[in-house]
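Here is a short note for someone opening this model for the first time. Please keep the sequence and the 3D view side by side while reading.

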Amino acid sequence: MELLQERIRKDGVIKSGNVLKVDSFLNHQMDIELINEIGKEFKRIFAECPINKILTIEASGIGIACLTAQYFNVPVVFAKKAQSINIDGAVYSAKIESFTHKKTYDVIVSKKFISPEDRILIIDDFLANGCALAGLIDIVKSAGASVEGIGIVIEKGFQNGGEMIRNMGIRLESLAIVESMNAENSTIEFRK
Ligand code: G4P
Ligand code: NA
Ligand code: NA
């Protein structure tokens, strides 16, 4: 998505450790006009898919999922992060081991909000090693529902999450795939 790549070049800040900061427009301050265009683009890409629900994960995914959901006319469910859980049978849960944050946490979704007939589009802001996404996919499968596709705003193509998800045979569409970035001279290459 050209508009998004231009914005990343203009306002993204490349930090050491291969971290791309986009908090001036995507995941802290949010440019609603841009994110609305992102939502339209996901609709264009997944127009043929019989999606009846969007699933994301708190916190940064929620706003993006909501603006996207307007174009699909479907509800958004967001997975909640929990430090520890009492499994009382009322929730689906998955363990996420974040390499980025060097910690393990559980994500949960109430069983009330995903059922076997659901055809789900998963939306998130970033894809790095894909641990968070793997957890969401796990939850959808536990519910007996299907993943129609995954829409990511920024994929870090030099980390292994994208390959892992595509190898699962799931349709993954990332609006910008960063091939490489350099903190010293502030350059960024996108996959064509
Ligand atoms: P992981 O397995 O390495 O942990 O990668 P994953 O793709 O699951 O991403 C873990 C978290 O790190 C996600 O946030 C993701 O958005 C964030 N992240 C990864 N790389 C970058 C980056 O280069 N820049 C920024 N800004 N974020 C990055 P999260 O745990 O879902 O937290 P939240 O921000 O949504 O609350
Ligand atoms: Na996120
Ligand atoms: Na994030």
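Where is the place of Gly130? Gly130 sits in the loop between S7 and H4. Helices (H or I, at least four residues) and strands (E, at least two) are DSSP runs, numbered from the N terminus.

1. **Ground rules.** This is a predicted model, where local features need pLDDT of at least 70, side-chain atom pairs count only at pLDDT 80 or more, and totals for chains, interfaces and linings use all residues. Residues are numbered from 1 along each chain as its sequence is written, while chains are lettered from A and ligands numbered from 1 in the order in which they are written.

2. **The shell around ligand 1.** There are 23 residues around ligand 1, and Ser60, Ser98, Phe126, Asn129 and Cys131 come nearest. The elements giving two or more residues to this shell are strand S2 (19-21), helix H3 (60-72), strand S7 (119-127) and helix H4 (131-142). A residue is near a molecule if its C-beta atom, placed from the backbone, lies within 6 Å of it. By type, the shell has eleven nonpolar, nine polar and three charged residues. Here Ala, Val, Leu, Ile, Met, Phe, Trp, Tyr, Cys and Pro count as nonpolar, Asp, Glu, Lys and Arg as charged, and the others, Gly among them, as polar.

3. UniProt, in an unreviewed entry, places the feature "binding site" at Ala128, Asn129, Gly130, Cys131 and Ala132. UniProt positions are given in the numbering used here, feature names are shortened, and annotations may be inferred rather than shown by experiment. Ala128 is in the loop between S7 and H4. Ala128 counts as buried because it has 21 C-beta neighbours inside 10 Å. Gly130 has 25 such neighbours inside 10 Å, so Gly130 is buried too. The cut-offs: a residue is buried if 20 or more other C-beta atoms lie within 10 Å of its own, exposed if 12 or fewer, and partly exposed in between, with C-beta atoms placed from the backbone.

4. Leaving aside residues up to four places away in sequence, Ala128 touches Thr100, Lys156, Gln159 and Gly161. With the neighbours within four places again left out, Gly130 is in contact with Gly161, Met164 and Ile165. Contact means that two C-beta atoms, placed from the backbone, lie within 7 Å.

5. **Other annotated positions.** The UniProt feature "binding site" (unreviewed entry) is also placed at Leu20, Asn27 and Lys156. Lys156 lies in strand S8 (residues 146-156). Is Lys156 buried or exposed? Lys156 is buried, because 25 other C-beta atoms lie within 10 Å. Its contacts beyond four places in sequence are Asn18, Leu127, Ala128 and Val178. Asn27 lies in the loop between S2 and helix H2 (32-45). Leaving aside neighbours within four places in sequence, Asn27 is in contact with Val22, Ser60 and Asp125.

6. **Helix H4.** In H4, Ala132, Leu133, Gly135, Leu136, Ile137, Ile139 and Val140 are buried. Just after H4, Gly144 takes a positive phi of about 75 degrees.

7. **The core.** The largest nonpolar core has 54 residues, of which Ile122, Leu136 and Val140 touch the most other members. Such a core is a set of buried Ala, Val, Leu, Ile, Met, Phe, Trp, Tyr and Cys residues joined through C-beta atoms within 7 Å. Setting aside neighbours within four places in sequence, Val140 is in contact with Leu55, Ile114, Ile120, Ala145 and Val147.

8. **Backbone points to check.** Most residues other than glycine have a negative phi, and most peptide bonds are trans. The peptide bond from Glu58 to Ala59 is cis, with omega near 0 degrees. Ala59 is in the loop between strand S3 (53-57) and H3. Asn18 has a positive phi, near 60 degrees. Asn18 is in the loop between strand S1 (13-15) and S2. Lys102 also has a positive phi, near 50 degrees. Lys102 lies in the loop between strand S5 (91-98) and strand S6 (103-110). Lys102 is exposed, because 7 other C-beta atoms lie within 10 Å.
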